[in-house]
Amino acid sequence: MEEVRIDKWMWAVRIFKTRSIATDACKKNRIEINNQPAKPSRTIKVGDIISVRKPPITYQFRVLKLAQNRMGAKLVPEHMENITPPDQYEILEMQKISGFIDRAKGLGRPTKKDRRELEQFSEEIPSGMDFFDWDEDWD
């Protein structure tokens with residue numbers, strides 16, 4: 001086995017949960033092989049560098065072995081090497097932290113009431129109430 005389809009390999013080494021998700025990622029141009037966009041049918045070989053963009057970061061993997069069948073998690077390090085730069089992981093950590101900044105300390109998760117209030121606030125303006133055609137004159 002000298003070459004394997006990229007979508008099949010990414011599913012086999014557990015980068016994506018299903019092969020169809022891997023295929024969709026290729027179609028959305030989130031996968032690159034050696035800095036070239038990859039279609040799902042593109043083949044890879046040992047030594048290729050694969051970039052996988054899963055917002056907010058881009059992972060990079062080096063192909064060590066080829067595989068067509070899904071494997072156990074313990075076997076994955078034999079087939080690929082994670083060469084993602086450390087600054088990408090810092091971006092991920094910053095996003096995890098920033099998710100809690102907007103919420104006051106001690107409030108925990110939003111409640112159903114909070115969600116309903118937010119939905120009520122963000123509803124569309126009812127028809128007939130155009131706020132830009134007021135008759136009043138502002139000086």
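**View 1. The side chain of Thr84 and the backbone of Gln60.** In this predicted model, a polar atom of the Thr84 side chain lies 3.0 Å from the backbone nitrogen of Gln60. The side chain of Thr84 also makes a polar contact with the side chain of Asn82, at 2.6 Å; a polar contact is a pair of N or O atoms within 3.5 Å, of which, within protein, one must be able to donate a hydrogen and the other to accept it, and residues adjacent in sequence count only if both atoms are side-chain atoms. Thr84 sits in the loop between strand E7 (80–82) and helix H4 (86–98), where helices (H or I, at least four residues) and strands (E, at least two) are DSSP runs numbered from the N terminus. Thr84 is counted as buried because its relative accessible area is 10%, the classes being buried under 20%, exposed over 50% and partly exposed in between, with a 1.4 Å probe and protein chains only. Leaving out residues up to four places away in sequence, Thr84 touches Thr58, Tyr59, Gln60 and Tyr89, contact meaning heavy atoms within 4.5 Å.

View 2. Strands E5 and E6 run antiparallel and are joined by six bridges, and they form a hairpin with two residues between them; two strands pair if DSSP finds at least two bridges between them. Val52 has Tyr59 in E6 as its bridge partner. E2 and E5 also run antiparallel, with three bridges joining them, and Glu32 is partnered by Ser51 in E5.

View 3. Beyond its neighbours within four places in sequence, Ile31 is in contact with residues including Ile6, Met10, Phe16, Ala25, Ile50 and Val52.

View 4. Lys65 belongs to the loop between E6 and helix H3 (76–79), and is classed as partly exposed because its relative accessible area is 41%. Not counting residues up to four places away in sequence, Lys65 touches Trp9, Val46, Glu78 and His79. The C-alpha atoms of Lys65 and Glu2 are 9.5 Å apart, although 63 residues separate these two along the chain.

**Notes to all views.** Residues are numbered from 1 along each chain as its sequence is written, and side-chain values use heavy atoms, with hydrogens and water left out. Local features need pLDDT of at least 70 and side-chain atom pairs count only at pLDDT 80 or more, whereas totals for chains, interfaces and linings use all residues.
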